[in-house]
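User: I would like to learn how to read the secondary structure, packing and charge pairs of a model. Please take me through one case.

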Amino acid sequence: MIKTNTRLTLFFLCLFALAACGQSATETAEPADPAPETPAPTETAEAEAVPELLPAPEGSRAAENMVIGSQDAPLTIIEYASVTCGGCANFHANLFPAIKEQFIDTGLVRFEYREFPTPPVRLSQAGFIVARCAATTSGPEGYYAVVDALYKTQRTWIYSQEPGTELRNLAAQVGIGGSDFDDCFAREDIRNVLVASIESGRDLGVDSTPTLVIDGKIFDYGRTQDEMIERIAAEVEKRS
């Protein structure tokens with residue numbers, strides 16, 4: 001067994017190839033584990049495989065916590081999700097708008113999104129890299145805009161014969177093109193924050209997406225909008 005950081009460093013080399021060449025969704029299918037175990041490489045093989053990482057541009061916001069809502073909100077909700085997860089796309093289309101309208105926009109909830117890639121894992125990782133790269137200058141606003149676009153076009157880009165090309169086109173729409181797009185996949189700040197997000201989710205016991213966390217514990221938000229609103233409102237009330 002090798003450490004998570006080493007596994008994911010090697011994994012990023014594959015991601016760079018995906019972005020450059022446009023690998024098919026079939027070729028990128030992965031087991032359910034966000035960072036599957038791989039045989040421990042030899043020192044020589046590892047040294048040859050690890051890509052040269054680029055430093056973050058000065059003033060980059062890509063590694064910030066992707067938080068929206070008032071810093072003074074009585075309740076903080078963390079969501080662990082994946083841009084290749086159908087349930088996550090459904091959550092953000094049908095449940096999240098109610099959370100935003102009733103709790104985030106009213107100053108009652110501070111909401112943070114954390115990455116927890118699911119199959120096809122390479123595509124999920126790649127999508128998150130683009131989202132983090134978009135946050136370089138605009139922070140959470142740019143990040144959530146890309147995540148929202150990935151959810152809305154999920155079935156199109158995941159099942160494309162060239163998902164790398166689809167991601168490149170999406171990135172171009174938010175001003176990330178050419179060599180800037182390629183550089184996103186070699187950014188050390190983005191790599192590190194994705195590794196940290198996965199590890200924090202595992203430490204909390206996250207094993208599926210979407211998962212909501214409150215006060216370090218997995219939160220059962222129910223299955224309907226009414227249940228979710230009632231349960232979140234109860235948590236807000238406890239803190240008011």
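Analyst: The turns below go through the sheet, the helices and the salt bridges.

Analyst: This is a predicted model, in which local features need pLDDT of at least 70 and side-chain atom pairs count only at pLDDT 80 or more, while totals for chains, interfaces and linings use all residues. Residues are numbered from 1 along each chain as its sequence is written, and side-chain values use heavy atoms, with hydrogens and water left out.

User: How do I read a sheet, and what is the strand order here?

Analyst: Strands of a sheet pair through backbone hydrogen bonds, either parallel or antiparallel. Helices (H or I, at least four residues) and strands (E, at least two) are DSSP runs numbered from the N terminus, and two strands pair if DSSP finds at least two bridges between them. In this model, an open sheet of five strands has the order 1-3-2-4-5, with mixed pairing. Strand 1 and strand 5 (217–219) are at the edges with a single partner strand each, so one side of each has no neighbour in the sheet. On average, neighbouring strands of this sheet are turned by 30 degrees against each other, direction ignored. For such angles, axes are lines fitted to C-alpha atoms, for helices over the stretch in contact, and the angles run from 0 to 180 degrees between N-to-C directions.

User: Which strands pair with strand 3, and in which sense?

Analyst: Strand 1 (residues 66–68) pairs with strand 3 in the antiparallel sense over three bridges. Val 67 has Glu 112 as its bridge partner, and Ile 68 has Phe 111. Strand 2 (residues 75–81) runs parallel to strand 3 and is joined to it by seven bridges; here Leu 75 is partnered by Val 109.

User: Is strand 3 mostly covered or mostly open?

Analyst: Buried means under 20% relative accessible area, exposed over 50%, and partly exposed in between (1.4 Å probe, protein chains only). Six of the seven residues of strand 3 (residues 109–115) are buried, so the strand is mostly covered.

User: How do I tell whether a helix has a buried face, and which residues of helix 8 are buried?

Analyst: An α-helix has 3.6 residues a turn, so residues three or four places apart point the same way. In helix 8 (residues 163–173), Pro 163, Gly 164, Leu 167, Leu 170 and Ala 171 are buried. Down the helix 8 axis, these buried residues fall within an arc of 125 degrees, so they line one face; the arc is that of the directions from the helix axis to the C-beta atoms. Just after helix 8, Gly 175 has a positive phi of about 85 degrees.

User: How do I read a salt bridge, and which residues form a network?

Analyst: Side chains of opposite charge can pair when their charged atoms come close. A salt bridge is a side-chain nitrogen of Lys or Arg within 4 Å of a carboxyl oxygen of Asp or Glu, and the count by this rule is 11. Asp 215, Glu 235, Lys 238 and Arg 239 are linked in a network. Within it, Glu 235 meets Lys 238 at 3.1 Å, N to O, and Arg 239 at 2.9 Å between the closest N and O atoms. Lys 238 and Glu 235 are three residues apart in helix 11 (residues 225–238), about one helical turn. Glu 235 is buried at 12% relative accessibility, Arg 239 is partly exposed at 28%, and Lys 238 is exposed at 62%.
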